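Me: I'd like to talk through this protein with you, one question at a time. Could you set out the terms as we go?

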Amino acid sequence: MENKVRDGTIGDSSSRPPSNTEMAAAASISQSGKPKAPRRFVRQQIPDSILNDPALKAAMAVLPSNYNLEIPKCIWRIKQSGAKHVALQFPEGLLMYSLTICDILEAFTDVDECFVLGDVTYGACCVDDYSATALGADFLIHYGHSCLVPIDFTSIPCLYVFVDIQIDVQHLVDTVRYNFKPEDRLALAGTIQFSTAIHAAKAALADQYPNINVPQVKPLSPGEVLGCTAPSLPRGTLDTAVFVSDGRFHLEAFMIANPQVQVFRYDPYLKVLVLEKYDHKGMKDTRKKAILQAQRGKQWGIILGTLGRQGNPKVLNHIEQRLEEKGILFTVFLMSEISPSKILLFGDSVDVWVQIACPRLSIDWGEAFTKPLLTPFEAEVALGFVQPWWNGETEQEDACRHIAQGQVQSCGSCAETRSSAVNCNKDSCCASRGSVNGTASVIDIARPKSEESCLPDGISENAVYPMDYYARDGGSWNSAYIQKGPAQRRCQTVQDNVKGFELRSGTWQVQPR
């Protein structure tokens, strides 16, 4: 057998896949002749010797056929990197397949050890390259989530496997066609597992529904929504969203970010379309109460989450600077799990807590804590660096009053007082009618077209509670690893500081004031 190195790749006259040693030798070629660490960025063209290996296909047959676990890609990437100790990380719903995948990877690669990280994994923010490195791993495969933490930020080479799930796309398409009119302005979104199905459905519906779209907030994929990060759609651009998921956690993030949008959840397993509701007023009132209580606190505690990469030191530094500017005493705590019982142990030594872990912990469970438990965004509001959303809602309430049928009527906050919207006859605000479905028949109901459709242009999105924790263009409190590019920042500076500008010859030219 002759193996020749050509242009950094292995040429093998036999049909067997190249071994780890051979791949590492090819990857290690450099001008200095010194061996390199496992490679982070490599070509992902999987050879036929792996894709068409009958033994590998037989081994993969025990895994669910509608789950794309990308086993050949994992094998190929391990071979390319030359890794010897591979760590696997799964959300709890996939742990049942973890040992089978371990056995397959050990059988079809030359790794010395393949092990599973058993700590709870809530999302992509929990990618635990730190623990994997401490256990001697030189390669990490994270299943079930998208690459929220870029692979060039992890301490060892990392591969994300989204685990795309095949569903009945035609049923989703037929459900949309049955329940919505062609003129409806629709959006399709969901969790990353159903991304392929969402885009396939959008392509099938595009001709009949010219106003259908798949929204995106970068760095997430188009249509992808996290529990803490969701696209916030401009006012007046959307009537209804169909969210593909089997649970509400990610869906609620989309609803919080878009209170003006009527949202249906399509369950791909039960094949049911459900109109979902969210108590926006209750949530905002609770968070407002916590923020106002925090403003009276003297001693603050900052919790940096240590579950994977939930806690971002960049956000910690930012909050520390804010507190120092206000002359507030604070203490930093490290916690892997934040619970009311744990916080209770500190008694009255801390008046206010800011947790840099998961914003939904405060939003969903904040009332369970005896002391205010703020998100970084809420800390900014409490300290006076960011205008509170309730200021925008007060302005919105006033702007939304209008005369209808000879009487002064108010639809209140278009985003939340939906029962009053039925009596509102102003088409631009709340009196839009659209088709929605229970199970068999189409029902006409009143719904607001846009949260801010009654607002003057000068009133901004402060009325919306932001869900931009990992958004590239999110607020100063966010945890995004990749921010706006220099060109985007320059354009934003121009927008903020001059009255007008125009694009000439590909560059921004500032107009005189």
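Reply: Happy to! A salt bridge here is a side-chain nitrogen of Lys or Arg within 4 Å of a carboxyl oxygen of Asp or Glu. This is a predicted model, where local features need pLDDT of at least 70, side-chain atom pairs count only at pLDDT 80 or more, and totals for chains, interfaces and linings use all residues. Residues are numbered from 1 along each chain as its sequence is written, and side-chain values use heavy atoms, with hydrogens and water left out.

Me: How many salt bridges does a search of the whole structure find?

Reply: Side chains of opposite charge can pair when their charged atoms come close. Searching the whole structure for such pairs gives a count of 14 salt bridges.

Me: Which residue forms a salt bridge with Arg322?

Reply: The two partners sit in distant parts of the chain, 58 residues apart, with Arg322 in helix H11 (residues 313-326) and the other in helix H14 (residues 376-382); helices are DSSP runs of H or I with at least four residues, strands are runs of E with at least two, and both are numbered from the N terminus. The closest N and O atoms are 3.2 Å apart, and the partner is Glu380.

Me: Is Glu380 buried or exposed?

Reply: Buried means under 20% relative accessible area, exposed over 50%, and partly exposed in between (1.4 Å probe, protein chains only). Glu380 has a relative accessible area of 0%, so Glu380 is buried.

Me: What separates Asp364 and Arg360 in helix H13?

Reply: These two form a salt bridge, with the closest N and O atoms 3.1 Å apart. Asp364 is partly exposed because its relative accessibility is 32%, whereas Arg360 at 2% is buried. Since they are four residues apart in H13 (residues 359-365), the separation is about one helical turn.

Me: Which strands stand at the edges of the open sheet of four strands?

Reply: The order is S5-S4-S6-S7, with parallel pairing; two strands pair if DSSP finds at least two bridges between them. The edge strands each have a single partner strand, so one side of each is left without a neighbour in the sheet: they are S5 and S7 (158-161).

Me: Which residue's backbone oxygen does the side chain of Thr109 reach?

Reply: Thr109 is in the loop between helix H5 (98-108) and strand S5 (113-117). Thr109 counts as buried because its relative accessibility is 5%. Its side chain comes to 2.4 Å from the backbone oxygen of Leu105.

Notes
A polar contact is a pair of N or O atoms within 3.5 Å; within protein, one must be able to donate a hydrogen and the other to accept it, and residues adjacent in sequence count only if both atoms are side-chain atoms.
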